[in-house]
Number of protein chains: 2
Amino acid sequence: MTTRDTLVRAALERFARYGYLGSSIQQIAADVGASKSSVLYHFDSKEALLEAAMAPALDALSGIIESLPERRDDKVAAAPALVTGFVDTLLQHSAAVSIFISQRGALQDVPVIQRGNELVDTIASTLVAEAPSTRALTRLSIGLAGVAFILGEALRETHQRPDPAELREVLIETLLELCLPAACTRAPQAEMHT
Amino acid sequence: MTTRDTLVRAALERFARYGYLGSSIQQIAADVGASKSSVLYHFDSKEALLEAAMAPALDALSGIIESLPERRDDKVAAAPALVTGFVDTLLQHSAAVSIFISQRGALQDVPVIQRGNELVDTIASTLVAEAPSTRALTRLSIGLAGVAFILGEALRETHQRPDPAELREVLIETLLELCLPAACTRAPQAEMHT
DNA sequence: TCGACTTCTGACCGATCGGTCAGTACGCTG
DNA sequence: CAGCGTACTGACCGATCGGTCAGAAGTCGA
């Protein structure tokens, strides 16, 4: 593995755990036994390092939504496979996903974050294209943000690590449940109208 | 309104929007037309300012879980009212909730964040006391994190602001759905075992 | 052996950070 | 008026930040 790749991995972990603003180039360099100058030799700036670290995840998600419009037959039937692939991609890039979800507010001026925002907008508008109700959009947001949060939580060393396979199944199932319109009615609906 | 209260409000908004590490005392002071020294006169440190800003939200949530063990009759029947009160509290303190959820990783050494962590642990263990399965816990986490994310998103000026009343209902309904064990079986379960 | 290129480093720079401190303006009480 | 506590400020401090730069060390082909 090249020094550059090592730095990207270290940066990804640091940024996910302590935040982009909470991580210094010095610390990332120390993590891999290099100097701050070495980091700035491989990457033009701290932002460039963040971009290099986030790029694979963004590319993977871009790939998913590009191959999306092909299957147009039955949305409900296609949903499980779609959500499964989506969750697997999120799991593969959990650190980057966690960085994006929890820090996109503070980093709204960073280009790579803006690219992520556009990507999310595309996903959202695609998934709820035919029923862009506030309700559907909100449920989808809860699902995506919740899943991303779990991903970020899973890569911390505290608490016990859940079984990855079981986690994957629960994520897929829950996201699917939030994504599809509620087919079966809930029993007690509280005192809400509807 | 006293200068102190004004500063707390400004800090809450800054911290939620740009992150604790992304906000300087100088900026918060400028938001209210005061000087940096004035901020440090009212609060011993930047951490103390964060604590003062988060305290009302943490106190409110503490109040909720303290009044929890009283109703022990039927968990399922009590859930709607409980979740409703919970969501309303989160809505009242949306900025603080957003700060906590998205920055608790980067601020894990800050005492007020640790207090929040303990609070969340208490809530989680209380809500899934009788069925502490990974599944139930994960679903609950997704719901809480998702709702908190929506809250943080709602207080940004970008995009259109959704109808508060409708948002509240969707949040309650969705959280309730994720909280209660799935009473009715989903139709297509994909190619997962189980 | 001699450059040329890549990789990497320590020294250094200006800016900004959180925080300290001496001092000022003001209102109240005696 | 004097004295005192509250509210507030500008000047200043050390530390750390991201980033620049000149140069050292190694490799490689001519």
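A: In this predicted model, helix 9 of chain A covers residues 164-179. The buried residues of helix 9 of chain A are A:L167, A:E169, A:V170, A:L171, A:I172, A:E173, A:T174, A:L175, A:L176, A:E177 and A:L178.

Elsewhere in chain A, helix 1 (residues 3-18) packs against helix 4 (residues 46-66) at about 90°, the two axes being 9 Å apart. Helix 1 of chain A and helix 4 of chain A are therefore roughly perpendicular, since angles of 65 to 115 degrees count as such. From helix 1 of chain A, the residues A:R4, A:L7, A:V8, A:A11, A:L12 and A:F15 meet A:K46, A:L49, A:L50, A:A52 and A:A53 of helix 4 of chain A. This contact comprises 9 nonpolar and 2 charged residues, with no polar ones.

In chain B, the axes of helix 4 (residues 46-66) and helix 6 (residues 94-103) come within 8 Å and cross at roughly 110°. Helix 4 of chain B and helix 6 of chain B are therefore also described as roughly perpendicular to each other. The crossing of helix 4 of chain B with helix 6 of chain B is left-handed. Here B:L50, B:M54 and B:A57 of helix 4 of chain B meet B:A96, B:I99 and B:F100 of helix 6 of chain B. By class, the contact between these two helices has 6 nonpolar residues, with no polar and no charged ones.

Notes. Residues are numbered from 1 along each chain as its sequence is written. Chains are lettered from A and ligands numbered from 1 in the order in which they are written. This is a predicted model: local features need pLDDT of at least 70, side-chain atom pairs count only at pLDDT 80 or more; totals for chains, interfaces and linings use all residues. Side-chain values use heavy atoms; hydrogens and water are left out. Axes are lines fitted to C-alpha atoms, for helices over the stretch in contact, and angles run from 0 to 180 degrees between N-to-C directions. Helices (H or I, at least four residues) and strands (E, at least two) are DSSP runs, numbered from the N terminus. Angles under 35 degrees count as roughly parallel, over 145 as roughly antiparallel, 65 to 115 as roughly perpendicular and the rest as oblique. A crossing is left-handed if the near helix is turned anticlockwise from the far one by less than a right angle, and right-handed if clockwise. Contact means heavy atoms within 4.5 Å. Ala, Val, Leu, Ile, Met, Phe, Trp, Tyr, Cys and Pro count as nonpolar, Asp, Glu, Lys and Arg as charged, and the others, Gly among them, as polar. The expected span of a helix is 1.5 Å times one less than its number of residues. Buried means under 20% relative accessible area, exposed over 50%, partly exposed in between (1.4 Å probe, protein chains only).
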